[in-house]
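Please look through the sequence and the structure shown here before reading on.

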Amino acid sequence: MNDSPTTSTSSPSPPSTSSVGRVLRVSGPLVEVDGIDRTAMLDVVEIGPSRLAAEVVSVTSAGRIVAQAYEYTGGMRVGDGASALGHPLSARLGPWLLGGVFDGMLRPLRGGPTWLAPGVLRAEGGGEARWRFSPKAASGDVVSAGDVLAAVPTAGDVEYRLLVPPRVSGAVEWIAAEGDVGEDERVATVGGHDVTLAESWPVRVPRPVTTRLDPSEPLATGQRVVDLLFPVAKGSTVAVPGGFGTGKTVLLQQIVKWCNADVIVFVGCGERGNELADALTDLGELVDPRSGRSLLERTVVIANTSNMPVMAREASIYTGMTVAELFRDMGYDTVLLADSTSRWAEALREFSSRSGELPAEEGYPAGLASAIAAFYERAGTVRTLGGTHGSVTVIGAVSPPGGDMTEPVTSHTERFVRCLWSLDRDLAYARHYPAITWRRSFSRDAGAVGDWHGAAGRTKWAADRARAVALLAEADRLAPIVELVGLAGLPARERMVLLGARLLREGVLQQSALSKNDASCSPEKQSALLDLALALYERCLELVGRGVPASVVEEIDLAGATRMRDEVPPDDASSVTRRRDEMLEILAAVG
Amino acid sequence: MTGPGEFTIPVEYQGAHSVEGPLLVVDKVADVGWDEMATVRLASGEVRQALVLEVHEDLAIVEVLQGTSGLDPREVTVGFTGKPFEIPVGEGWMGRAWSGLGEPLDGGPPMLGAEMRPVAGSPLNPTLRDVPRDPIVTGISVIDALTTFVRGQKLPIFSSAGLPHLELVTQIAAQATAPGEPFRVIVAAMGLTHVDAAAIRRALEKRSATGELALFLDTADDPVVQRILTPRVALTVAEHLAFDRGEHVLVLLADMTSYCEAVREVSAARGEIPGRRAYPGYLYSDLASIYERCGRIRDRPGSVTLLPVLTMPAGDITHPVPDLTGYITEGQIVLSAELAGQGIYPPVDVLGSLSRLMRKGTGEGLTRADHPAIAAQLVAALAQAGQVRDIAELVGVAALTDTDRRYLDFADAFRTVLVSQGVDESRSIEESLERAWKVVSVLPQRELTMVPTEYIERYYVSSEPAGTEQGASRNAAPASGEGNG
């Protein structure tokens, strides 16, 4: 090994070429190569002078392959060289991930050039950095895959744990002493296998676990409509369909900012560059309430904006999942947010139509449903190879064209996820944010989450949720009747249902992402607000039951209740409860 | 020094193998790169441009941009340039009118420049993007007050056939400024009729003469393949001015529906599998490769702001062109046939319109401190007025409360005082906000729940003659309001 520090322009680890071929045909990203004798489906080949990565999509006959390039192939010629790397598309994993921003192939974007011409990004981007290495195993220890070899502190409060790689086990023959190490330096030898900080993993292959567990502990998102009505358990799956202008991106960003996971992987998959710039600025400025540090330090951002290469966009979903699984294996609760899975599906469509596959619905490949299912199946709460608990929760945005919920991506995704948060244009139009509609959303985790709350002593949680859902459904049933006969034509009890539903919508479900007090909400304040709305509704029902005219009850100013979400800090439940008692007294005076 | 379409030609091939639709197959070639430009010289001496679609062993399949009519494959000379379609960049583009490919339309010399850039551009590293901020002042009240353009934003106008979107675009092109900063306007017209193109040229002559504006005109009878390059030519010029010279550049692209139809036509000619409404499956990525070229770069002064205009076929906002556009852009300005029918210009449907980045371009130090609050109040009150109108149609105006009737007056004042404007009338931000206050002042103060009291005390226009609706309307009318500014 040459340890001269001057060779910075050449790549630190040139690909170990198994064979060299020659380009025969170029048609957009599809490149036919001749003369590569050993390669397999989905292996990576590097083509042309700028070594563009491409994925083998067919192996036709002796040494002739067709590969799909991940970047723009302009200028590529017949006769250009090609070399097979001998492995499928792999992500380079390591402690630099946290706080970083990467493209769809996990190549660092920070410190990269202003304009991303093909071939300018390299996975080994941050190769110069040195990391503090604290061994957690000693020479002679017998370890197996998933055990912790060492800890590497990162900028934030998430400790990076160097694990024995999957499929490796045996005695620790050598391990480096405490000190600073480089990314590609050998830091340990386990069972004859050299371990470095940088680990390579094929992104399309799920990382192995010991066993899957049933998700039950809720992921607290700080968003009331989610946590109270459509909760998601850690390790579960959510789809968020919504047309443009329904606040999808703001909702996902709220979850990035406020959810109680240890590590967040945000995949900006074919979305807006300006939005991403905005989110990165926000994340850098926001402080994690738990660690007191920048939120960016527990976040890995994969940014493949809509104008970046389409095939890298297809890969970005899997790359992000691999990163999430890596931190899960360290024993962390991770959340993968993908905005938007529709753009990923479009990349699949683009690829399949170019390779001449028979199109199914709306030009999407027939394998779309199974691709979506396989992606969401990589979520889960698990016992890791190392024996600890970890989870990957997947939240995928869906962008139905024209708001059409019957289109293939939306309709397939709905079948495979455990929770659906449907964003509704009418609610967004009425400035009811987050615009998650209770009519078309569901949570199949609600039962398990209710039991979890019950076991933690919050016995009212499940019952309050049921009452809230019933009240909203009843109000929806009455709405068309009101349009026919007018409010005055309804019986007093029904008028109170409408009043109660309004209290619930305005005082509990609506939440302002821009307000300091309201952007996030602790579980205690959430329950108190729900309790406030339901208690007032019950008291109003009692009043009309005792003969007080509905119009009199409707005239009572209840703004004091609906303003509470914004008036007191995110964790101040006791003020809400005090306000409830005050408001109940006001109502008692009416009776 | 080279101009667009003038290349040093390294290799030429006499005669081609065959021609099919817009595609020409050239055989026995070597060293031809995918997506590079070629020139096709006909027997008549006419030179057309072509793009390499596929190279396969010794064959190159090229797409002739100006079409293949009159082309005999045995008699052509094909030269490969070894480069993608490039144009020179520089100041020389400004103040003149060009074809969609950058050839002079005004009888002047071709554009020459030392530096050539491929029109396809490269994606901007997202970590170096800066967040759009600061307003562009269009001089049009309803836009400046309620859907402010922010420098670096992409904000489309959704229109329908027959609405005055071209007038609006022309007016914006003629009037828009970034107060206190160097500002340029580039108009790229795609698939316009000759009448419309001529009207735009005439209307923009004055600004063009100052060197602040450049026009790229692709007319409806130009070959469709050329139309695909027009917005990219305009954006390549804009990126240079913005990011190398630090200027604020507004790029207007009209009509993107014609552009998308050209993409569909070319895709069909290439035999690609059609997606929704027969547009190719990559339409989203293709549009993004245009729209995402707007923005700002960290630690550099300039910006590219994009204003695409599209006509919604049959007024359908769920059609793929407006739908995919809406998914990429940061808001939209919707024009309404109903307002146009009432003779209101510009007929902006305020409730359907939104500038998502408005927060970054308005307020203290940018426009005026009260701007975000008054804008929110106007939109909320307009929504309320719409509900009141629905009720009034059922029960009659007479049955309304006094407050509700004030809302109806408010809606009228909103249209006449704030929205309605002459096609060559430019209003300052101050004036637009004055008008906004005049309009909300039709409502009683207690209804202005979204505006902090200090602004109400400062700007609310009290109506002394106690409020009959007639009095309120008169008070808000522009004629009587002019004196007290």
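Val26(A) has Val55(B) as its bridge partner in β5(B), and strand β1 (residues 20-27) of chain A pairs with β5(B) in the antiparallel sense over 2 bridges. This is a predicted model, in which local features need pLDDT of at least 70 and side-chain atom pairs count only at pLDDT 80 or more, while totals for chains, interfaces and linings use all residues. Residues are numbered from 1 along each chain as its sequence is written, and chains are lettered from A and ligands numbered from 1 in the order in which they are written.

**Terms for strands and helices**
- Helices (H or I, at least four residues) and strands (E, at least two) are DSSP runs, numbered from the N terminus, and two strands pair if DSSP finds at least two bridges between them.

**Where the chains touch**
- In chain B, 45 residues are in contact with 46 residues of chain A, contact being counted when C-beta atoms, placed from the backbone, lie within 7 Å.
- On the side of chain B that touches chain A, at least two residues each come from β5 (47-56), β11 (129-130), α6 (283-291) and α7 (320-328) of chain B, and α7(B) gives the most, with 5 residues.

**A sheet in chain A**
- Chain A holds an open sheet of 4 strands in the order β10-β13-β15-β16, with antiparallel pairing, whose edge strands, β10 (142-143) and β16 (193-196), each pair on one side only.
- Strand β15 (residues 186-190) of chain A pairs with β16(A) in the antiparallel sense over 4 bridges, and Val190(A) has His193(A) as its bridge partner in β16(A).

Terms used. Two residues are in contact if their C-beta atoms, placed from the backbone, lie within 7 Å.
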